Amino acid sequence: DGTVWAATEAGISCFDGDQWQPLAAPASFKMDRESGSLRVSANGDVWINRATREWFFRAMDPNLVDVMADHPFQTTRYRPDAAPPDTEIDLVTERIQSASPIHISWTGRDTWSVTPKDRLLYSHRMDQGPWSPFTTDTTQTWYDLPAGAHTIEVRARDRDRNIDPTPANATFTVLLPTWRQPWFLLLITSLLL
């Protein structure tokens, strides 16, 4: 499907065509150097074959004939789940002064807790703009947003590349600067008159 899987001593990662997702499979599925192989079947299952380096070279060295007893070959099938994570935006102040930075944070939860909270990835967008790349960041600060109503949307993605189909959203209003608010203009006009 255009993805690239890589198995290393640090774990299994996946490149989805846009960015790498580290630890795309549970951390226990790591491989030592030259000690396994990785295959992805047509239905998306990831097959992880693990053995020692000696097991793979047993046919080349007559002294390694009995290597199978001491160095077993193991195959594990990792079946990615299809349940998307859930995303929540923490409390957002509905009315914000224009000179104030807007700081918004969010959290997510994997349906079956297969993806640890610190491994969930998030993407956000403001006012129907383009989605940001997925990162582990759980906060964002905006400066100098124009006055008016704004909507932030955030979606989570788990290690099985499931994306929350119903992004969390919050609406807030950036107030006009005091000198541009109608009550202030009326007051100044009254004083001048």
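Is arginine 79 buried or exposed? What we have here is a predicted model, where local features need pLDDT of at least 70, side-chain atom pairs count only at pLDDT 80 or more, and totals for chains, interfaces and linings use all residues. Residues are numbered from 1 along each chain as its sequence is written, and side-chain values use heavy atoms, with hydrogens and water left out.

OK, arginine 79. It is exposed, with a relative accessible area of 52%. For the cut-offs, buried is under 20% relative accessible area, exposed is over 50%, and partly exposed is in between, with a 1.4 Å probe and protein chains only.

Now, who does arginine 79 talk to? Its salt-bridge partner is aspartate 45, with the closest N and O atoms 3.7 Å apart. Because arginine 79 is in the loop between strand 6 and strand 7 (86–89) and aspartate 45 is in the loop between strand 4 and strand 5, this pair ties together parts that are 34 residues apart in sequence. By salt bridge I mean a side-chain nitrogen of Lys or Arg within 4 Å of a carboxyl oxygen of Asp or Glu. Strands here are DSSP runs of E, at least two residues, numbered from the N terminus.

Aspartate 45 itself counts as buried, at 3% relative accessibility. It also has a salt bridge to arginine 77, at 3.5 Å, N to O. Arginine 77 sits in strand 6 (residues 74–78), so that pair ties together parts 32 residues apart in sequence. Arginine 77 is partly exposed, at 41%.

Let's look at the hairpin around that aspartate. Strand 4 (residues 36–40) and strand 5 (residues 46–50) pair in the antiparallel sense over 5 bridges; two strands pair if DSSP finds at least two bridges between them. Arginine 39 stands opposite tryptophan 47 in strand 5. There are 5 residues between the strands, and glycine 44 takes a positive phi near 95°.

How many salt bridges does a search of the whole structure find? The count is 4. One of them joins glutamate 153 and arginine 125, at 2.7 Å, N to O. That pair links distant parts of the chain, with glutamate 153 in strand 12 (residues 148–157) and arginine 125 in strand 10 (residues 121–126), 28 residues apart. Both ends are buried: glutamate 153 at 10%, arginine 125 at 16%.

Next, phenylalanine 172, in strand 13 (residues 168–174). At 1% relative accessibility, phenylalanine 172 is buried. Leaving aside neighbours within four places in sequence, its contacts (heavy atoms within 4.5 Å) include Val92, Ile104, Met126, Leu145 and Ile152. Threonine 151 is 21 residues away from phenylalanine 172 in sequence, yet 6.6 Å away in space, C-alpha to C-alpha.

The structure holds 1 aromatic pair. Phenylalanine 15 and tryptophan 20 have ring centres 5.4 Å apart and planes at 45°, so the pair is tilted. The rule is that rings of Phe, Tyr and Trp (its six-membered ring) pair with centres within 6.5 Å; planes under 30 degrees apart are stacked, over 60 edge-to-face, and the rest tilted. Phenylalanine 15 is partly exposed at 23%, and tryptophan 20 is partly exposed at 45%.

Then there are charges over rings, where NZ of Lys or CZ of Arg is within 6 Å of the ring centre and within 35 degrees of the ring normal. Arginine 155 has its charged end over the ring of tryptophan 131, 4.0 Å from the centre. Arginine 157 lies over the face of phenylalanine 134, at 4.7 Å from the ring centre.

Terms used. Helices (H or I, at least four residues) and strands (E, at least two) are DSSP runs, numbered from the N terminus.
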